[in-house]
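These exercises go through one structure step by step. Try each task before reading its solution.

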Amino acid sequence: MKVIKTVGVVGAGTMGAAIAQKIAQEGFDVILADRAMNYIEKGLGGIRTMLDEAAERKVMTKEQAEAVLKNISGTDKLSDLKSCDLVIEAIFENFDAKVSLFRELNSILPGDCIIASNTSSYSIGELARVVDRPSRFIGMHFFYHAAKNRLLEIIPGKETSAEVLEAAREFAIMAGKDPIECSDRNGFAVNRFFVPWLNESVRIFEEDIASKEVIDEVCCKLFGIGMGPFALMNATGVPVAYHSEKTLETFGSLYKVAPLLEVQALSGKPWELNNGGEQQSKSPVPAEVDSVIRERMLSVVFFVCSQIFDEKVCSAAHLNRGARIGLRWRKGPVELMKIQGVKEVKRLVELAAKRYRMDVPLSVKEDIWVIKTVSLAVNGENAVITMDDPESMNALNVDSVRQLEECFDKAANNPSVKTIFITGSGKAFVAGADIKFFVNNIKNKKIEDIESFTASGQAL
Ligand SMILES: NC(=O)c1ccc[n+]([C@@H]2O[C@H](COP(=O)([O-])OP(=O)(O)OC[C@H]3O[C@@H](n4cnc5c(N)ncnc54)[C@H](O)[C@@H]3O)[C@@H](O)[C@H]2O)c1
């Protein structure tokens, strides 16, 4: 497998600079390229400010911040990227601009250099066609702010080789990211349900069901987030939401851009929020309004997620992780589905299907909502068991211990396996058991459940 040491990032804008910073922080040599040195200076200036703030907040020492900067060099010549093992493209979201950049990179980079695109909306397979060997091309979709947000969607194109996919997975972990894998469909996994979620909030407002502030407040409680959809659109830019939804319209009428979203995006102004984007309206939200907003928002999320499973865009575990890590939802859509139960999820999905005259997705089934947090891979004499729950530090719970037992049994019963390795995905391994489990059981006086859980852990 290709070992990645030197990484080129093309485009020193919002995403490229933050990607370069994060990778440099993790010890990689980074070459940041842009059209001219003034763009590089701007990008490096932003990185310097971020690192200074980190040093002030004592997240890192001044010496560490300086060492990060030393890992990054800037250039306005693509030929300087020749020494890279991986080049990540993060230029404007313009198909022709990307195609002509990839043509140029194709002729400059050595044959074994992996080429990745951070595109949000173009097909990885289509972009890959530009290079001589599409097997070395892959999608790596970072999330804003790329130096802080740990989520990374890895998108193999039709022709991406298994070695390149493996190298991308390994790189993601070494670069301090929590990767999820998605197929090459518009919106990949997270934007596919997140952007329609934003769009639905605009429709609810448009239909005069509630004010923007009330919609934000209900959503904050329902999804366990700090900012509702309107405050979020203001933070990341209303046009970004509009353009992203536009690229999803091909999936059918549920995805059609809300007229008011278009008007607002074209006005170039943020949404006017009476409380300046802060949550908590003064008077309590009337129960019937609260319930309509909840029903509408959940039905869109559940409908789209069920379509994601129909189309095999990504696994339930990865989809859930995408929301928790990338969007900071307290509970991901799959956890929300499990809480609602299959009957209610079915009702909500059918409601969305009827409202938007679309076919009901087939994957409204509990056996699809499996959040696997332990995996087993056998390679000859070696079995590798991976604790795959990087968003939970205390990842041992009744479910994961049961999955660990199953994986150990399978590995132990495999006659070819001589060694079992146990490791963790993401940066952390496992700090311990889920404290909430103990607290809840003590509160509910169910000490025997604690005893049987700890006994099974000891036995394991
Ligand atoms: N902004 C986000 O939240 C976000 C999130 C995920 C993915 N993305 C994707 O990341 C990419 C970059 O977005 P951004 O927001 O950082 O854009 P940006 O406008 O902030 O930066 C783009 C940079 O690319 C440079 N550039 C343009 N053409 C170039 C070329 N031919 N060669 C070298 N440099 C060139 C520009 O000078 C600019 O510095 C887009 O594909 C976007 O869809 C953006």
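This is a predicted model: local features need pLDDT of at least 70, side-chain atom pairs count only at pLDDT 80 or more; totals for chains, interfaces and linings use all residues.

**Exercise 1.** Find the order of the eight strands in the open sheet, and its edge strands.

Solution. Step 1. The order is E3-E2-E1-E4-E5-E6-E7-E8, and the pairing is mixed; two strands pair if DSSP finds at least two bridges between them. Step 2. Strand E3 (72-75) and E8 each pair on one side only, which makes them the edge strands. Step 3. On average, neighbouring strands are turned by 25 degrees against each other, direction ignored. Axes are lines fitted to C-alpha atoms, for helices over the stretch in contact, and angles run from 0 to 180 degrees between N-to-C directions. Step 4. Helix H2 (residues 37-56) packs on this sheet, touching strand E2 (29-33) and E3, and its direction makes about 155 degrees with that of E3. Contact means heavy atoms within 4.5 Å.

**Exercise 2.** Describe the open sheet of three strands and the helix lying across them.

Solution. Step 1. The strand order is E9-E10-E11, with mixed pairing. Step 2. The edges are strand E9 (374-379) and strand E11 (419-424), each pairing on one side only. Step 3. E9 and strand E10 (residues 382-387) run antiparallel, joined by six bridges. Step 4. Helix H16 (residues 398-412) lies across E9, E10 and E11, at about 15 degrees to E9.

**Exercise 3.** How many residues surround the ligand, and which are the closest?

Solution. Step 1. The ligand is surrounded by 20 residues, with Met-15, Asp-34, Arg-35, Glu-93 and Lys-98 the closest; a residue counts if one of its heavy atoms lies within 4 Å. Step 2. By class, the shell has nine nonpolar, seven polar and four charged residues. Step 3. Helix H1 (14-25) and strand E6 (137-142) each supply at least two residues of this shell. Step 4. Polar side-chain atoms lie at these distances from an oxygen atom of the ligand: 2.7 Å for Asp-34, 2.4 Å for Glu-93 and 3.0 Å for Ser-120. Step 5. Of the 840 Å² of accessible area that the ligand has on its own, the protein covers 78%, by the Shrake-Rupley method with a 1.4 Å probe.

**Exercise 4.** Where are His-145 and Phe-188, and what marks their backbone?

Solution. Step 1. Most residues other than glycine have a negative phi, and most peptide bonds are trans. Step 2. His-145 is in the loop between E6 and strand E7 (151-156), and the peptide bond from Tyr-144 to His-145 is cis, with omega near -10 degrees. Step 3. Phe-188 is in the loop between strand E8 (178-181) and helix H7 (190-206), and has a positive phi, near 45 degrees.

Key: Residues are numbered from 1 along each chain as its sequence is written. Side-chain values use heavy atoms; hydrogens and water are left out. Helices (H or I, at least four residues) and strands (E, at least two) are DSSP runs, numbered from the N terminus. A polar contact is a pair of N or O atoms within 3.5 Å; within protein, one must be able to donate a hydrogen and the other to accept it, and residues adjacent in sequence count only if both atoms are side-chain atoms. Ala, Val, Leu, Ile, Met, Phe, Trp, Tyr, Cys and Pro count as nonpolar, Asp, Glu, Lys and Arg as charged, and the others, Gly among them, as polar.
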